[in-house]
Amino acid sequence: MIDCRTAACSASLQQQRLKQAEKILGEKVVSRILCFALYILGFERSSIVALLGTPPGTVRSFVR
């Protein structure tokens with residue numbers, strides 16, 4: 001099991017990588033990938049909505 005509480009995160013690298021991925025794949029695809037990855041890691045749907053800034057109910061649609 002992956003324990004995300006001990007992982008280090010760089011805000012500048014995050015922004016750089018997100019911009020690069022969105023340029024290549026598109027914003028919608030990147031959002032869906034992130035949503036699904038967070039869901040797999042065990043985040044609650046309400047937390048995913050708050051993190052990604054998506055409308056409520058979107059997570060359920062992405063996962064299905």
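Predicted model: local features only at pLDDT ≥ 70, side-chain atom pairs only at ≥ 80, totals over all residues.

Trainee: What pattern does the protein follow when read along the sequence?

Mentor: The protein has four helices and zero strands, and its C-alpha atoms fill a box of roughly 30 × 30 × 20 Å, taken along the principal axes. Read along the sequence, the pattern is α-α-α-α.

Trainee: What percentage of the residues in the protein is buried?

Mentor: A residue counts as buried under 20% relative accessible area. The accessible surface of the protein comes to about 5,300 Å², and 57% of that surface belongs to carbon and sulfur atoms. Of the 64 residues in the protein, the buried ones make up 14%.

Trainee: Is Ser31 buried or exposed, and which residues does Ser31 touch beyond four places in sequence?

Mentor: Ser31 is found in helix α2, which covers residues 27-40. Its relative accessibility is 18%, and therefore Ser31 counts as buried, given that the cut-off is under 20%. Not counting residues up to four places away in sequence, Ser31 touches Leu52, Thr54 and Phe62.

Trainee: How many Å separate the C-alpha atoms of Arg32 and Leu52?

Mentor: Arg32 also has its place in helix α2, where it is partly exposed, with a relative accessible area of 38%. Arg32 and Leu52 are 20 residues apart along the chain, and their C-alpha atoms are separated by 9.8 Å.

Trainee: Where does Val49 lie, and how many Å separate its C-alpha atom from that of Val59?

Mentor: Val49 lies in helix α3 and, at 17% relative accessibility, counts as buried. Leaving out residues up to four places away in sequence, Val49 touches Thr54, Pro55, Pro56 and Val59. Val49 and Val59 are ten residues apart along the chain, yet the separation of their C-alpha atoms is 7.0 Å.

Trainee: Is Leu51 buried or exposed, and with which residues is Leu51 in contact beyond four places in sequence?

Mentor: Leu51 is found in helix α3, which covers residues 45-52, and its relative accessible area of 55% is the reason why Leu51 counts as exposed. The C-alpha atoms of Leu51 and Cys35, 16 residues apart along the chain, are separated by 9.3 Å. Leaving aside neighbours within four places in sequence, the contacts of Leu51 are Leu38 and Phe43.

Trainee: Which residues form a nonpolar patch on the surface?

Mentor: Leu51, exposed as it is, belongs to this patch. The patch has about 380 Å² of accessible area together, and its members are Ile2, Leu41, Phe43 and Leu51.

Trainee: How many disulfides does the structure hold?

Mentor: A disulfide is a covalent bond between the sulfur atoms of two cysteines. Cys9 counts as exposed at 69% relative accessibility, whereas Cys35 counts as buried at 1%. The number of disulfides in the structure is zero.

Methods: Residues numbered from 1 in each chain as written. Heavy atoms only, no water. Patch = residues over 30% accessible without salt bridge, like charges linked within 9 Å, V, L, I, M, F, W, Y side chains within 5 Å. Areas by Shrake-Rupley, 256 points an atom, 1.4 Å probe, with all protein chains shown as cover. Salt bridge = Lys/Arg side-chain N within 4 Å of Asp/Glu carboxyl O. Helix = DSSP H or I, 4+ residues; strand = E, 2+ residues; numbered from the N terminus. Buried < 20%, exposed > 50% of the residue type's maximum accessible area, 1.4 Å probe, protein only. Contact = heavy atoms within 4.5 Å. Disulfide = S-S within 2.5 Å.
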